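Here is a short briefing on a structure, for a reader who works with models. Look over the sequence and the fold first.

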Amino acid sequence: MFSLTDFTLSVFEGQVFGLLGPNGAGKTTLISMLCGLIKPTSGHFTINGLTYSENDTEIKKIIGVVPQEYALYPTLTARENLMYFGSMYGLKGKQLKEKVDENLHLLGLFKFADKRIETFSGGMKRRINLIAGIMHNPQLLFLDEPTVGVDVQSRNAIISYLKKLNEDGMTIIYTSHHLSEAEDFCTDIAIIDRGRMYAHATPADLIAKTHNARNLEDVFIALTGKELRDDI
Amino acid sequence: MLKRDMGGVIILFIMPLVLIIAVTLIQDSTFKTVSDAKIPILLVNNDNGKVSQEVYQNLEKSEVFTVITKIDGQAITEIQAKEAVFKGKYQLAIIIPQNLSADLQSKIDQNVGKILSNFGLTDTLSGKIPQKAIAQKEVKLYFDPAVQMSFKNAVMSSVDKMISQIETKSIYAAFQDQLGEDTAAFEQESFITFKEIVPKVGNKEIIPNSVQHNVPAWTLFAIFFIVIPLSINMIKEKSQGTFVRLHTNPVPNVIVMGGKTIMYLIICMIQFYMMVAVAVFLFPHLGLPALNVEGNLVLMSIVALFSGFAAIGLGILIGTVAKTQEQSAPFGSTFTIILAAIGGVWVPVFAMPEFMQHIAKSSPMNWGLNAFYDVLLRHASIIDIVPEISLLFLFFLLTITIALLYDKKKRTV
């Protein structure tokens with residue numbers, strides 16, 4: 001893992017901001033910092049003008065996080081997981097129940113609401129994982145590889161849902177290795193590697209500015225090289 | 001979640017109950033002199049006199065031993081006895097030497113004769129007593145090499161006491177014999193006797209038993225075993241990613257930790273009450289004395305609660321520092337066993353070497369155990385247990401603080 005160096009970045013309201021880079025580039029480190037999970041030893045950032053050192057709770061109320069892992073309790077049902085995580089954002093009673101049911105319906109999981117997570121397929125877990133991060137309608141949503149390891153159907157459902165959330169005003173910061181998905185989904189993209197930012201523009205601009213690039217994958221290879229990134 | 005995890009339920013609630021029942025039953029029968037718990041021992045009687053007869057009768061009367069003098073209808077020889085004991089077939093063999101009774105009598109007569117002649121009383125007798133040298137007699141004891149030192153010491157002390165009594169009796173008898181029939185008989189009852197004064201509650205004597213020693217000790221041990229599921233769950237939260245959710249929501253970390261602490265404290269208290277209930281209601285049906293909690297339950301609950309705090313603090317610390325379940329589970333269980341060992345759960349602290357006694361004072365299990373004993377056996381008040389429960393709570397605060405600082409440091413890049 002590389003620590004982030006000389007990194008300056010602004011994400012604006014309503015954007016779907018893609019952080020792309022090879023394994024170990026620093027994407028998860030950056031997202032973890034922005035979520036308040038880890039603290040930078042130097043440098044600073046603000047979210048809506050707020051900092052974690054002074055406004056930890058306020059920031060956490062307006063952000064949503066969808067981690068790379070299935071961050072769910074496997075022995076609890078989908079509904080129990082969502083009720084639990086939703087309650088941590090102050091949702092309760094009827095409002096909480098309605099939120100859970102509404103999101104389960106939207107992602108096609110309502111009939112499995114009372115089944116345990118451990119019985120779910122990868123795609124179903126990913127969708128529940130997403131719902132758990134957006135129950136409280138965050139202004140800013142962090143998604144760390146939200147479609148990794150899922151089938152095409154689940155991926156379509158997830159991306160369509162995210163697009164709808166973005167249309168409704170949610171700002172999204174997202175990492176992925178699916179470059180075609182990012183090209184289609186993101187309004188802005190930053191390509192990072194070895195803890196540094198290599199490029200930052202809209203997908204169309206990135207492709208246009210890169211010599212002989214037909215798509216985002218060509219841009220990605222041109223900027224980060226073909227060298228394997230095996231590291232332990 | 002717990003009701004869907006049968007393994008967890010068994011570890012948290014059933015295992016401690018099995019542990020407490022098994023240990024108390026074993027410990028109880030070690031001390032109890034019931035007929036079905038008699039230990040068979042070999043007696044090789046090369047003397048066949050008055051002394052050996054008395055040794056035999058005393059051993060039989062003790063209700064601890066079943067004395068075996070013959071195997072297959074044949075009197076046992078010393079070689080046979082030695083072999084049987086050293087192979088572990090029997091735990092003890094007592095070998096009474098030849099002519100023990102006769103030689104003891106001669107030796108006593110010699111000594112008594114000498115004493116009386118010094119007073120000019122035995123002119124007629126001294127001539128009858130042979131003045132030849134009589135060699136010292138040795139009663140040999142063979143022990144199974146596997147028996148514990150405490151058993152050996154107890155047996156040796158009992159045999160020594162028995163022989164001394166026989167010698168004393170013989171000396172008295174010799175004096176009486178030498179001084180003539182018209183001399184008033186010596187009183188042979190011990191002049192000095194021992195009486196144990198046990199604590200009283202009101203007018204009722206409270207005699208400590210194995211249940212009162214074992215239940216607190218093993219309850220504490222079970223409470224501390226919560227370290228394992230707690231640390232494993234924390235590591236699962238890290239590996240499953242739920243840790244990320246718990247740290248990115250607006251609920252402060254202190255409340256998340258507080259929630260865990262309360263939940264696990266509830267589990268500790270359920271464990272505690274289940275074990276107390278077993279000791280009070282089930283033990284009498286197993287032939288064990290019931291645990292007497294009369295008037296002590298509130299204070300016992302306070303001790304269990306603070307012991308729970310200490311155990312939870314340790315569990316959270318291990319769960320924070322360990323990276324995998326493979327690290328936390330063996331470390332948690334081994335560390336708990338070490339704390340129990342140095343805390344006096346198995347061997348009383350007073351019986352430990354001096355430097356270990358100092359180390360014992362640093363074990364939270366020792367603080368908890370002392371507080372339980374204060375309440376149950378010494379009938380202490382809440383004031384008396386304040387030092388111990390304060391230490392337990394300080395241990396909780398210390399471990400939680402270290403865990404939070406470690407976590408903070410780890411989450412800085």
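This is a predicted model: local features need pLDDT of at least 70, side-chain atom pairs count only at pLDDT 80 or more; totals for chains, interfaces and linings use all residues.

Residues are numbered from 1 along each chain as its sequence is written, while chains are lettered from A and ligands numbered from 1 in the order in which they are written.

**Confidence**

- The model scores ipTM 0.84 and pTM 0.74.
- Chain B has an average pLDDT of 83, and 87% of its residues score at least 70. (pLDDT is the predictor's confidence in each residue, from 0 to 100.)
- Within chain B, confidence is highest in helix H11 (residues 297–321), at a mean of 95, and lowest in helix H5 (residues 123–126), at 51.

**Fold of chain B**

- Chain B contains 15 helices and 8 strands. (These are DSSP runs numbered from the N terminus: helices are H or I with at least four residues, strands are E with at least two.)
- Chain B has 413 residues, and 32% of them count as buried. (Buried means 20 or more other C-beta atoms within 10 Å of the residue's own, exposed means 12 or fewer, and partly exposed is in between; C-beta atoms are placed from the backbone.)
- Of the contacts in chain B with a separation of 6 or more, 76% join residues 24 or more positions apart. (A contact means C-beta atoms, placed from the backbone, within 7 Å.)
- Chain B splits into domain 1 (2–28 + 209–410) and domain 2 (38–179); the bounds come from an automatic or database domain assignment.
- The C-alpha centres of these two domains of chain B are 51 Å apart.

**Contact between the chains**

- On chain B, 16 residues are in contact with 26 residues of chain A.
- Helix H9 (residues 242–248) of chain B gives the largest share of chain B's side, 5 residues.

**Helix H6 of chain A**

- H6(A) covers residues 152–167; at 1.5 Å a residue its 16 residues should span 22 Å, and the end C-alpha atoms are 22 Å apart, which agrees. (The expected span is 1.5 Å times one less than the number of residues.)
- Ser154(A), Ala157(A), Ile158(A), Leu162(A) and Leu165(A) are the buried residues of H6(A).
- Seen down the axis of H6(A), these buried residues fall within an arc of 125°, so they line one face of the helix. (The arc is that of the directions from the helix axis to the C-beta atoms.)
- The face turned away from the buried side of H6(A) carries exposed Val152(A), Gln153(A), Lys164(A) and Glu167(A).
- Cover for the buried residues of H6(A) includes helix H5 (122–134) and strand E4 (171–175) of chain A.
- Gly169(A) follows H6(A), with a positive phi near 115°.

Methods. Two residues are in contact if their C-beta atoms, placed from the backbone, lie within 7 Å.
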